[in-house]
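Here is a short briefing to read alongside the model on your screen.

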Amino acid sequence: MNRVPGDAENAHSSSVESCPPLRDVPSINPTHLMARIESYEGREKKGISDVRRTFCLFVTFDLLFITLLWIIELNVKGGIETTLEKEVLQYDYSSSYFDIFLLAVFRFKVLILAYAMCRLRHWWAIAFTTAVTSAFLLAKVIISQLFSQGAFGYVLPIISFILAWIETWFLDFKVLPQEAEEENRFLIAQDASERAALLHPGVLSDGQFYSPPESVAGSDEDSEEKQDSEKPVV
């Protein structure tokens, strides 16, 4: 009467057999996930990513390179002091290179403030500096008389224009996409670690499966009962 019907028993056994054992189910390695999360958190603690640091170094190189070329130009024209007084104190838009140097200083200050100190993740700051640089250099080349002053009339405007656009390309195609990808990886790893903590709360080690040792008192009682049972009955 209490016997389970054959169909129900077969269905239950087939369902049990269809479930794979726990060791066959692919599991997520929590240690690997935690290591990845800690590495991402370490990058956040540094405050600035490696690719953004490279961009800031290139912006600094832009300023130093334009400054070096301007100093060379001052020496070529007949001495730093005389030419510096002529280009700075007696500034002339059509013949002076001092404004190109100030343009490099302008790019340096805006970009370092925006992307190193404020850590912006948008392209508007570099778009502004590149637009100002391009418009100013085009106007200077058209209006001024730089081409009549030798090689530096070509070198300084062209190099300043190229460096400004290289900075734009590097930020838009390297810095911002790579930082966004690293942030997405961090969120995915964090979500996976939370799932792993819920699905796999932990595997018990062999040390957690043990049998309590038999007590000394219990063993003494058992030995006494055994001796009593072995005594002959009179």
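Is R119 buried, partly exposed or exposed? With a relative accessible area of 45%, R119 is partly exposed, because that class lies between buried (under 20% relative accessible area) and exposed (over 50%), using a 1.4 Å probe and protein chains only. This is a predicted model, in which local features need pLDDT of at least 70 and side-chain atom pairs count only at pLDDT 80 or more, while totals for chains, interfaces and linings use all residues. Residues are numbered from 1 along each chain as its sequence is written, and side-chain values use heavy atoms, with hydrogens and water left out.

**Overall fold**

- The protein chain has 8 helices and 0 strands; helices (H or I, at least four residues) and strands (E, at least two) are DSSP runs, numbered from the N terminus.
- Of the 234 residues in the protein chain, 28% are buried.
- Take the contacts (heavy atoms within 4.5 Å) between residues at least 6 apart in sequence: 76% of them join residues at least 24 apart.

**Nonpolar cores**

- A nonpolar core is a set of buried Ala, Val, Leu, Ile, Met, Phe, Trp, Tyr and Cys residues joined through side-chain atoms within 4.5 Å.
- The largest one has 18 residues, and I66, W70, Y97, I100, F101, L156 and I159 have the most contacts inside it.
- Helices α3 (50-76), α5 (98-117) and α7 (152-199) each give two or more residues to this core, and α5 gives the most, with 6 residues.
- Leaving aside residues up to four places away in sequence, I100 touches I66, L137, K140, L156, P157 and S160.
- A second, separate core holds 15 residues, among them I48, A125, F170 and V175.

**Aromatic rings**

- There are 12 aromatic pairs in the structure; rings of Phe, Tyr and Trp (its six-membered ring) pair if their centres lie within 6.5 Å, and planes under 30 degrees apart count as stacked, over 60 as edge-to-face and the rest as tilted.
- F55 and Y115 pair edge-to-face, at 5.7 Å centre to centre and with 90° between the planes.
- F55 is in helix α3 and Y115 in helix α5, so this pair ties together parts 60 residues apart in sequence.
- Both F55 and Y115 are buried.
- F55 also pairs with F170: the ring centres are 6.4 Å apart and the planes at 5°, so this pair is stacked.
- One aromatic cluster is formed by F55, Y115, W169, F170 and F173.
- K140 lies over the face of Y93, 4.6 Å from the ring centre; a charge sits over a ring if NZ of Lys or CZ of Arg is within 6 Å of the ring centre and within 35 degrees of the ring normal.

**Two loop residues**

- S49 is in the loop between α2 (30-46) and α3, and counts as buried because its relative accessibility is 16%.
- The side chains of S49 and E179 are joined by a polar contact of 2.6 Å; such a contact is a pair of N or O atoms within 3.5 Å where, within protein, one must be able to donate a hydrogen and the other to accept it, and residues adjacent in sequence count only if both atoms are side-chain atoms.
- R119, from the opening question, is in the loop between α5 and α6 (124-143).
- The phi of R119 is near 55°, a positive value in a residue other than glycine.
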